[in-house]
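The following questions and answers examine a protein chain. Please consult the sequence and the structure as you read.

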Amino acid sequence: MRRVSWAQLLLLGASFLITLGSFAVLPYMSVLLHERWGFGLGVVGMVLAVASLVQFSGGVAGAALARRIGLRATMLVALAVRTAGFACFVPGLERPVLAVTALFLVSTGAALYLPANKAYLVAGCTEERRPRLLAVSGSAFNAGMALGPPAAAPFVLSSPAVLFGAVAVLFAVVGLAHALLPPMADEAATAREPVSEHPVTEGPEPRKEPEPEPRTGALSPFAYTLLSVYVFMYFQHYIALYAVPRTSAAFYGTLLMGYALLLVAAQPLLASWIAGLGYGRTLRLGFGAMGLGLAAVATGEPLGIVAGAVLLGLAETVLFLRNDLEALARSRAPSATVFGRQRLAAGLGAFAAALLGGPLYGLAERTGGAGWFWIAAGVQSAVLPVVLWAAARRIGRRRAARTAPRPVRVPGEG
């Protein structure tokens with residue numbers, strides 16, 4: 001890979017620090033909302049579900065803002081909002097309504113930041129360089145996710161004001177660092193249309209028809225991103241509830257750390273290979289690994305849970321990166337817009353998993369054991385992509401039939 005610029009290095013470092021600070025707080029929000037602020041579990045679940053939907057789906061708003069004010073300015077606004085959110089947690093320790101407001105500010109800042117961050121990172125890069133840069137960025141995020149919760153564990157219940165204040169200061173410093181980014185990169189990154197090499201001639205400008213985006217056919221990156229995140233979030237949301245009673249809290253903590261480190265190592269190493277895979281083959285490989293991983297978790301044995309986590313980590317690495325690359329390749333929209341759409345798909349998938357996963361887990365426990373929950377999730381990983389593909393093919397054929405030119409009948413023929 002060609003030399004990485006100092007601006008890209010700054011963004012990669014910021015990706016680690018931002019996730020480190022965020023995951024020093026956010027994984028403990030359910031405990032704080034329930035135990036510190038006294039919210040019932042139903043209210044806690046609804047607050048977290050809506051906050052997750054805002055964080056993911058708000059990426060569309062972040063992309064629109066980037067098109068209006070530029071990528072660097074959007075990242076500065078996003079970091080200011082997140083800094084204010086973490087700072088609001090300090091007075092919110094005595095005011096539950098203010099604490100919920102702070103959580104939504106943090107989620108809104110995350111929604112605005114990520115599309116602009118990714119678009120700035122790959123601005124001006126060739127298609128060959130994008131996979132490695134996006135993979136290294138993902139590794140930086142996962143490294144922060146791995147280290148944030150254990151770093152905050154001694155303070156989150158005993159000294160939460162200190163923790164929230166320190167994270168707010170961290171985000172303020174990261175925001176100031178973003179002000180050093182070259183402003184000209186914003187203009188280069190907000191448009192992906194090639195500049196014409198032909199000289200401009202005098203005379204009336206010919207009328208240009210808007211170019212349609214490339215046909216995605218039955219393999220839409222948006223739809224498969226939604227489905228990938230939907231199935232994966234069953235694991236993300238419910239593995240703690242399943243694994244801790246069958247193993248121990250220490251085993252679960254080690255599992256999370258190992259999972260994050262697997263992603264940190266695998267994403268850059270596999271990036272070029274993933275980029276070279278055909279999209280259909282990527283989907284079969286990714287959803288197949290996810291289904292096998294969920295089936296392994298269903299055994300309830302420590303070895304099965306570890307094997308399932310490894311397979312799910314590989315599935316996440318393959319599917320999430322390849323979906324983003326495919327979306328970029330198939331769209332002529334600005335990069336920030338593409339990443340915003342991908343975040344919207346992820347948000348819808350995560351929300352659906354949160355909405356349906358809880359009742360499904362409870363039903364499995366009542367009827368035959370929680371292992372059936374993972375079997376049901378694995379079956380969805382195998383069946384839903386095929387159903388989606390078949391439905392999209394059928395819709396595509398109907399559209400083609402409606403738009404196909406009808407043969408002109410010449411008088412005297414037949």
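A residue is called buried under 20% relative accessible area, exposed over 50%, and partly exposed in between (1.4 Å probe, protein chains only). This is a predicted model, in which local features need pLDDT of at least 70, side-chain atom pairs count only at pLDDT 80 or more, and totals for chains, interfaces and linings use all residues. Residues are numbered from 1 along each chain as its sequence is written, and side-chain values use heavy atoms, with hydrogens and water left out.

Q: Is Ser331 buried or exposed?
A: Ser331 lies in the loop between helix H13 (302-330) and helix H14 (335-367); helices are DSSP runs of H or I with at least four residues, numbered from the N terminus. Its relative accessible area is 8%, so Ser331 is buried.

Q: How many salt bridges does the structure hold?
A: A salt bridge is a side-chain nitrogen of Lys or Arg within 4 Å of a carboxyl oxygen of Asp or Glu. One of them pairs Asp324 with Lys118 at 3.0 Å, N to O. The number of salt bridges in the structure is 4.

Q: Which residues are joined with Arg322 into one network?
A: Glu326 and Arg330 meet in a salt bridge at 2.6 Å, N to O. Because they are 4 residues apart in helix H13, about one helical turn separates Glu326 and Arg330. Salt bridges that share partners join Arg322 into one network with Glu326 and Arg330.

Q: Is Glu94 buried or exposed?
A: Glu94 forms a salt bridge with Arg36, their closest N and O atoms being 3.6 Å apart. The relative accessibility of Glu94 is 62%, so Glu94 counts as exposed.

Definitions and conventions: Helix = DSSP H or I, 4+ residues; strand = E, 2+ residues; numbered from the N terminus.
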